[in-house]
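Reader: I have a structure to go through and I am new to it. Can we take it piece by piece?

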Amino acid sequence: MNDPTQSKYRHISFKSKTPYRRFIKAEDELKSSHLESQMVEIPAHGTYGALLFRPEWKAIREEILARDKSCIVCYSKSALQVHHRQYHFIVRENKFKLPWEYPKHLLITLCESCHRRGHSKFKVPTINI
Ligand SMILES: [Zn+2]
Ligand SMILES: [Zn+2]
């Protein structure tokens with residue numbers, strides 16, 4: 001059986017030459033931001049989507065959208081979504097962080113189409129913490 005605490009994606013290199021490297025790689029300019037937030041698509045968890053309707057997430061999401069102002073890949077300003085560049089699995093508690101518990105530099109604004117394309121191209125790395 002798969003050990004859910006072991007991510008098989010941890011050793012994958014994401015050094016893509018495409019703009020999608022930004023999909024998962026934290027950029028220096030974002031590290032200086034005082035904003036934080038996140039949104040999550042936790043794998044294999046139907047209830048996860050419900051968390052994205054929580055006010056905690058909505059507040060963080062608004063912060064990230066206000067910080068980035070547009071899709072960071074194509075600069076579109078429509079159909080914006082917030083993407084998590086990493087998922088953090090808390091080994092001791094055997095659960096993922098909640099969407100709004102991530103550092104804000106791991107959250108980025110993408111338009112719907114760049115978001116979908118990014119997810120089809122890359123696996124979001126899961127970090128055991
Ligand atoms: Zn875009
Ligand atoms: Zn995403």
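Reader: Let's start with leucine 65: is it buried or exposed?

Author: Leucine 65 is buried, because its relative accessible area is 15% and the cut-offs are under 20% for buried, over 50% for exposed and partly exposed in between, with a 1.4 Å probe and protein chains only. Keep in mind that this is a predicted model, where local features need pLDDT of at least 70, side-chain atom pairs count only at pLDDT 80 or more, and totals for chains, interfaces and linings use all residues. Residues are numbered from 1 along each chain as its sequence is written, chains are lettered from A and ligands numbered from 1 in the order in which they are written, and side-chain values use heavy atoms, with hydrogens and water left out.

Reader: Where is leucine 65 found?

Author: In helix α4. Helices (H or I, at least four residues) and strands (E, at least two) are DSSP runs, numbered from the N terminus.

Reader: And what does leucine 65 touch?

Author: Leaving aside residues up to four places away in sequence, leucine 65 touches Leu80, Gln81, Val82 and Thr109; a contact means heavy atoms within 4.5 Å. Leucine 80 is 15 residues from leucine 65 along the chain, and their C-alpha atoms are 7.6 Å apart.

Reader: Stepping back, which helices and strands does the protein have, in what pattern?

Author: There are five helices and five strands. Along the sequence the pattern reads α-α-α-α-β-β-β-β-α-β.

Reader: How many of the residues count as buried?

Author: 43% of the 129 residues. The protein exposes about 7600 Å², and carbon and sulfur atoms supply 55% of that; the areas come from the Shrake-Rupley method with a 1.4 Å probe, and for residues, only the protein chains shown count as cover.

Reader: What is the average pLDDT?

Author: The average is 77, and 64% of the residues score at least 70. pLDDT is the predictor's confidence in each residue, from 0 to 100.

Reader: Where does pLDDT stay under 50?

Author: Over residues 4-18, for which the model has 19 contacts beyond four places in sequence. Residues 27-46 are also below 50, and that stretch has 67 contacts in the model beyond near neighbours in sequence. Where pLDDT is low, the predicted coordinates should not be read in detail.

Reader: On to the strands. What is the order of the open sheet?

Author: The order is β3-β2-β5, an open sheet of three strands with mixed pairing. The edges are β3 (95-96) and β5 (126-128), each pairing on one side only. Two strands count as paired if DSSP finds at least two bridges between them.

Reader: Which way do β2 and β5 pair, parallel or antiparallel?

Author: Parallel, over three bridges, with β2 covering residues 87-90. Histidine 88 has isoleucine 127 of β5 as its bridge partner, and phenylalanine 89 has asparagine 128.

Reader: How many bridges join β2 to β3?

Author: Two, and those strands run antiparallel. They form a hairpin with four residues between them, and asparagine 94 in the turn has a positive phi of about 55°.

Reader: Which residues of β2 are buried?

Author: Tyr87 and Phe89 on one side, and His88 and Ile90 on the other, so both faces are covered.

Reader: What stands opposite phenylalanine 89 in β3?

Author: Phenylalanine 96. Their ring centres are 5.1 Å apart with the planes at 75°, so the pair is edge-to-face. Rings of Phe, Tyr and Trp (its six-membered ring) pair if their centres lie within 6.5 Å; planes under 30 degrees apart are stacked, over 60 edge-to-face and the rest tilted. Phenylalanine 89 is buried at 4% relative accessible area, while phenylalanine 96 is partly exposed at 22%.

Reader: What about β1, which strand is joined to it?

Author: Strand β4 (residues 107-111), antiparallel to β1 and joined to it by five bridges. Histidine 84 has leucine 107 as its bridge partner in β4. In β1 (residues 80-84), four of the five residues are buried.

Reader: Last one: where is tyrosine 75?

Author: In the loop between α4 (55-68) and β1. Tyrosine 75 has a positive phi, near 70°, and is exposed at 56% relative accessible area. Alanine 79 lies in the loop between α4 and β1, with phi near 55°, and is partly exposed at 45%.
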